[in-house]
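Subject: Structure handover

Hello,

Here is the structure I promised to pass on. Please open it and keep it beside this email as you read.

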Amino acid sequence: MNFCSQCGDKVRFAVPEGDDRPRYLCDACGTIHYQNPRIVAGTLPVSGSKVLLCKRAISPRKGYWTLPAGYMENAESTQQAASRETREEACAEVELANLYTLIDLPHINQVYMIFRAELVGGFSAGPESLEVALFEEHEIPWDELAFMTIERTLKHFYADRPRNEFPLHISMVTPEDRERYFGSA
């Protein structure tokens, strides 16, 4: 950031008085520009014994499979964001159950919030998906999943399903986890 979005003057990167971390500061108008993590909200849509996955039509990870999820918008709840992303990516309606996975990715300033959901009606590929399909557990394309957060959510689901108990799973993806998942590329 080079210029203040409030007044257009130059900003500097420093620790504001009374704060504990650097922020972009505008000395001209006094604005402190806070940059906070982005929330990725989505669903784990289930129909009977199958899970709905979307093949990404956009970067990053175009051509890889994911759960319907994306960035939360202003003026919506996490549940609204998860349902909207499911409509956008899979043209599907869902009935939300509980928040199922909350995964912190502090190294890229993201928090994933995935809700369990029951698929209601049909589905088709939205503009951000090349393909949308239902998968049994043994059909999941594990080597073609877009993100570690999606793999983690699916593994929790298949471990919890035999007990029919789906508690909230909270975890963190570290830079080392990410490197192991994606390799050094």
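Below is what was found in it, from the whole chain down to single residues.

First, the ground rules. This is a predicted model, where local features need pLDDT of at least 70, side-chain atom pairs count only at pLDDT 80 or more, and totals for chains, interfaces and linings use all residues. Numbering runs from 1 along each chain as its sequence is written, and side-chain values use heavy atoms, with hydrogens and water left out.

The whole chain

The chain has 3 helices and 11 strands. These are DSSP runs numbered from the N terminus: H or I of at least four residues for helices, E of at least two for strands. Their order along the sequence is β-β-β-β-β-β-β-α-β-β-β-α-β-α. The C-alpha trace spans about 60 × 30 × 30 Å along its principal axes.

Of the 185 residues, 43% are buried. Buried means under 20% relative accessible area, exposed means over 50%, and partly exposed lies in between (1.4 Å probe, protein chains only). Now take the contacts with a separation of 6 or more: 60% of them join residues 24 or more positions apart. A contact means heavy atoms within 4.5 Å.

The cores

A nonpolar core is a set of buried Ala, Val, Leu, Ile, Met, Phe, Trp, Tyr and Cys residues joined through side-chain atoms within 4.5 Å. The largest one here holds 26 residues. Leu44, Val51, Leu53, Leu67, Leu154 and Phe157 touch the most other members. β4, β5, β8, β9, β10 and α2 each supply at least two residues. Helix α2 gives the most, with 5. Another core, of 8 residues, lies apart from it; Ala90, Val94, Leu119 and Val132 are among them. In soluble globular proteins, nonpolar side chains tend to be buried together.

Look at Val51 in the largest core. Beyond its neighbours within four places in sequence, its contacts include Leu44, Leu67, Leu154 and Phe157. Ala133, Leu134 and Phe135 are also among them.

Find Thr78, in helix α1 (residues 78-90). Is Thr78 buried or exposed? Thr78 counts as buried, because its relative accessible area is 16%. Not counting residues up to four places away in sequence, Thr78 touches Ala41, Met72, Met113 and Phe115.

Best wishes
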